[in-house]
Structures are given as C-alpha cells and as structure tokens.
Amino acid sequence: MSLVADGVSAGYRGRRVLTDASLTVEAGETVGLRGPSGSGKSTLVRVLALLHAPETGHVILDGERITGTRHRVPASVRTRIGVLFQSPRASADPRLTLEQLIAEPLLAVRHPRDLIAGRVAELADRAGLTADLLARRPHAVSDGQLQRACLARALVHRPRHLLCDEATTMLDASTQALVASVIIGEQRATGMGVLVVSHDPALLERWADRVEDLTTVTRSH
Amino acid sequence: MADVLIRRPAAPLLLLAIGAALLVPLFFPLDQSAVALGRVALPPSFTHPGGTDDLGRDVLHRSIYGLRVSLLVGVVAALAATVIGGLVGGLAGMLGGWVDRVLMRIVDTIAALPHLLLGIFIVAMLRPSLGAVVLSIGLTHWLSTARIVRSELLSLRTRTFIDAAVAGGASRTRVLTRHLLPHVVPKIALATTLMIPHAVWHETSLSFLGLGLPPHMASLGNMINDGQRSLLTGSWWASLVPGLVIVVVTLAIAALAARWRDRLDPRVRAELNL
C-alpha cells in the first residue's frame with residue numbers, strides 16, 4: 001500500500017509550477033512536505049488526489065499506475081485517497097449542514113443508508129462536533145469547527161491515504177492538536193499513509209516520520 | 001393589518017390583481033368586440049369606475065381582461081426565455097472550451113442588437129397573435145439568463161468544494177444535481193421572476209405599436225394605444241387606468257422578487273432567522 005508520485009510535472013494553462021517531482025508515502029507512515037510558497041506543494045497534492053492531470057509523470061496508487069483524473073478515475077479508486085484542504089470555508093458546500101457535509105461522500109457512492117448515520121455520528125464524535133454544530137451550516141460555525149467537519153468527511157471512506165494541504169495553517173493551536181490527534185488515531189487503527197504539507201518546520205518536526213523538501217524532491221530524480 | 005398594507009403593499013396588490021384577473025371573467029364575461037355608442041367617453045363614476053372609452057367600452061373591465069393577457073404573456077414568455085437561456089448558459093458553463101466561446105459570441109452578437117427592434121422584427125414576420133408575441137419576447141430575452149447561468153457554473157466549477165466532492169467519489173451527475181444546480185436554480189428562478197414585469201412591458205409596447213394582439217382584443221397595450229385618441233378630447237382615464245394597472249402590477253412583482261433575492265443569501269437568511 002503506497003501512494004507514489006513518479007516524475008510528476010504539472011502546471012496550469014501552460015505555466016509550469018512543478019517540475020519532475022517524485023515522492024512516496026508508504027502505508028502507516030507520515031511524510032512531511034515543505035517548500036516555499038509557490039513551489040507547487042498544492043499542485044502536487046492535487047495531482048496525488050487525482051484532481052489535476054500531470055503534464056509528465058504519473059501517480060501510482062497501491063502499485064497500480066493511474067491514468068486519467070477526476071471522473072475518469074473510478075469512484076472506488078478516488079475514494080482510497082482522502083483530502084483535507086487548506087481552507088475549510090472553500091471546501092465546504094455552503095448549502096449543506098455539517099452533518100450532510102460529512103455524510104455526502106457516502107451518499108455519493110450509494111453507501112447503505114442505515115449505516116451512514118452511525119458512521120457520521122462516530123466521526124463527528126471523534127472530531128469533537130456536537131449535535132448542535134452538526135445541524136448548522138458552514139456560515140454559522142468557526143473555521144476550526146468547519147475544518148473538523150472536513151476532516152471527518154475526509155476520513156468517512158476509511159481512505160488508505162490522506163493528503164493534508166496546509167490543513168492546520170489557519171487553525172488555532174488547540175484545534176491543530178485535535179486534528180493531528182484524530183489523524184494519528186486513524187492512522188494507528190487503519191495503517192493509513194499520511195502526507196502533511198506545511199511550511200511550519202516545528203509542526204513537521206513533531207508530526208512527520210520524515211520530512212521531504214519540495215526543492216530537493218524535484219531535483220533528486 | 002392596515003400598517004402592513006401601507007408598508008408592504010406589493011403582495012396584497014398583486015393578490016388583488018391576480019384575483020381580479022381570475023375571478024372577474026367568471027362573473028362578468030366580456031364581449032371583446034362589443035361597442036356601446038350610447039355611453040361614449042363617460043368619466044369614472046359608480047357604474048363605470050374606470051370610465052368608458054371612445055367606443056363606450058368599460059375601461060376597468062377591459063383593463064382586467066388586458067391584465068389577464070399581459071400576465072399570461074409575461075409568465076409564458078419569461079419561462080420560454082429561461083428555458084432557452086438555461087440551456088445555452090448550461091451548455092457553455094458545463095462544457096467550456098470552444099462550445100462556450102461560440103455560444104457566448106452568439107449571445108454577444110444578439111445582445112448588440114436593440115432587443116425591442118429585434119422583437120418587432122420577429123412579430124412582423126408572423127401573424128399578430130398571442131403565440132407570436134410570446135415567441136418574440138422569449139427569443140429576445142434569454143441572453144441575461146444564459147449569462148447568469150454560465151458565469152455561475154464557471155465560478156462554481158472551480159470552487160474547492162467541487163474538488164472535495166469529486167475526491168469523495170461523487171459522479172458527474174451527483175456533482176451537478178447536489179452541488180451545482182442547487183446553487184444555480186434559485187438564481188435562475190429569480191431572474192425569471194424579474195423578467196416577468198419586463199415581458200409584460202414588452203407585450204404592452206408591441207401591442208401599443210400595433211404589432212401585438214389583434215386591435216379589438218382587450219390588452220393593456222392596445223388600450224393605452226386606443227386611449228391616445230381620447231386624450232385629445234379630454235378623457236384621460238382611457239389611457240390612465242390601463243397604464244396604472246401595468247405600473248402597479250409590474251412594480252409589485254419586481255418588489256417581491258427583490259425581497260426574495262435578499263433572502264437567498266444564506267447569511268442574510270440567518271439574520272432574518274428563517
């Protein structure tokens with residue numbers, strides 16, 4: 001079980017932001033990824049999440065080379081990777097309550113309905129979301145509360161790999177600690193591989209098993 | 001109660017107008033071509049609250065019939081424009097690329113023409129009828145809806161929550177029905193509602209110019225047009241009454257639509273405690 005970026009170059013509309021990056025996240029390990037702003041960290045995450053097509057190179061998921069992105073990848077493959085985005089505000093549909101937000105990925109793959117409520121309740125409990133918060137819409141909760149709901153959503157499919165793109169940057173220290181502990185707990189239980197993208201060296205030092213620097217990742221190939 | 005009527009008269013006025021348009025024909029049917037030369041150009045009185053015109057026809061009675069026609073044309077034309085605009089905007093916004101470019105250039109080209117003239121051109125090619133008027137308004141008023149739908153879809157599609165949905169396993173259909181349409185539909189519905197008064201106004205303009213409905217038919221535009229003759233002889237009511245009906249009804253619809261628009265924003269909705 002591993003998530004591998006193999007010689008990935010990517011960009012937007014012909015402007016290349018990432019050149020020849022290679023990175024491996026094995027099951028159960030936590031890899032930190034750092035790099036200056038604009039070095040392509042988020043782009044690498046989007047490529048690994050199968051949301052953005054690389055210009056060259058490819059993603060290898062659990063030994064299988066992935067062709068295509070987004071809807072061209074079967075849902076059962078996409079859901080093996082969980083993603084936690086930097087901005088909870090932007091990554092939550094403003095029309096859904098937090099409960100619907102967490103349940104949505106299960107509904108989307110037609111998970112048996114009677115099992116959904118239990119799974120949502122379990123994750124909400126781990127993320128410290130009360131029933132009152134679950135009934136609210138994003139505009140009525142704080143960034144920290146919303147990111148905890150997004151974390152619950154990212155874990156709802158029991159992904160084998162979790163990508164955190166600066167996911168704790170905007171949060172206060174206690175929420176940061178809660179998010180990290182929920183992820184570590186999940187990792188211990190399921191052997192999930194975790195990629196933590198951050199430009200906070202202290203956070204990566206504490207949390208990650210090893211830290212890669214995007215500038216060396218792109219040169220070492 | 002009286003307080004509400006004064007501060008927010010739009011809904012009660014609109015209800016009154018729609019009620020009259022629906023109920024009056026049941027109890028007081030109108031013979032569209034009847035004239036009564038014995039009571040020509042009578043000023044407003046108890047028996048003829050809106051007066052009579054230069055052919056002795058009751059102005060208020062005919063205004064209510066005219067309102068029926070105007071509302072029917074307004075609603076149907078606005079819906080037709082919404083369907084065309086929704087399809088064009090939806091295709092452009094969802095497919096993007098060259099489809100988007102071609103469709104939007106067509107929109108720009110049509111938008112560059114004065115739409116009243118284009119509407120006149122379309123009715124002039126057809127025989128004056130209700131259908132021709134609806135078609136003319138529908139074909140000239142879908143542009144704004146197409147633009148709204150397209151820009152809304154384009155901006156939604158790049159939002160991170162769409163990425164999150166895709167990563168979570170949502171199919172294309174699921175993304176469309178669960179995350180895109182719920183954001184777009186209220187805006188389309190609002191655009192349609194705002195278009196109704198405009199379409200009503202257009203029907204009136206076309207009829208006023210003699211291009212809308214057949215002249216004997218009671219429509220607000222025809223009546224205002226006929227009333228011009230009476231203005232010179234001092235009977236102002238023949239144009240004023242249908243004119244007032246159109247102003248009051250279109251303003252009431254626009255006011256209600258504006259209030260609805262304010263409620264659509266979830267933040268405003270939270271403040272209104274809905």
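Me: How many residues does the largest nonpolar core have?
Reply: The model is a predicted one. Within the largest nonpolar core, the residues with the most contacts include Leu23(A), Leu44(A) and Leu48(A). Leu163(A) and Leu195(A) also belong to that group, and the core as a whole has 45 residues.

Me: Which helix supplies the largest share of this core?
Reply: The largest share amounts to six residues. These residues come from chain B, from the helix spanning residues 160–167, namely H8.

Me: How many residues are in the second, separate core?
Reply: Ile102(A) and Ile116(A) are among its members. Cys164(A) and Ala167(A) are included as well, and the size of this second core is 38 residues.

Me: Which residue with a positive phi follows H8(B)?
Reply: The phi in question is near 105°. The residue that follows H8(B) with this value is Gly169(B).

Me: Which residue of chain B forms a salt bridge with Arg46(A)?
Reply: Between chain A and chain B the count is four salt bridges. In the one formed by Arg46(A), the closest N and O atoms are 2.4 Å apart.

Me: Which element gives the most to the side of chain A that touches chain B?
Reply: Helix H2 (75–78), strand E6 (81–84), helix H3 (88–91) and helix H4 (98–108) of chain A each supply at least two residues to that side. The most from one element is five residues, and they come from H4(A).

Me: How much area do chain A and chain B bury between them?
Reply: The contact involves 27 residues of chain A and 23 residues of chain B. In chain A, His71(A), Arg95(A) and His139(A) lose the most area to chain B, together 25% of what that side buries. Carbon and sulfur atoms carry 56% of the buried area between the two chains, which is about 2,100 Å².

Terms used. Residues numbered from 1 in each chain as written. Chains lettered and ligands numbered in written order. Predicted model: local features only at pLDDT ≥ 70, side-chain atom pairs only at ≥ 80, totals over all residues. Heavy atoms only, no water. Core = buried A, V, L, I, M, F, W, Y, C linked by side-chain atoms within 4.5 Å. Buried < 20%, exposed > 50% of the residue type's maximum accessible area, 1.4 Å probe, protein only. Helix = DSSP H or I, 4+ residues; strand = E, 2+ residues; numbered from the N terminus. Contact = heavy atoms within 4.5 Å. Buried area = accessible area lost by both parts, 1.4 Å probe. Salt bridge = Lys/Arg side-chain N within 4 Å of Asp/Glu carboxyl O.
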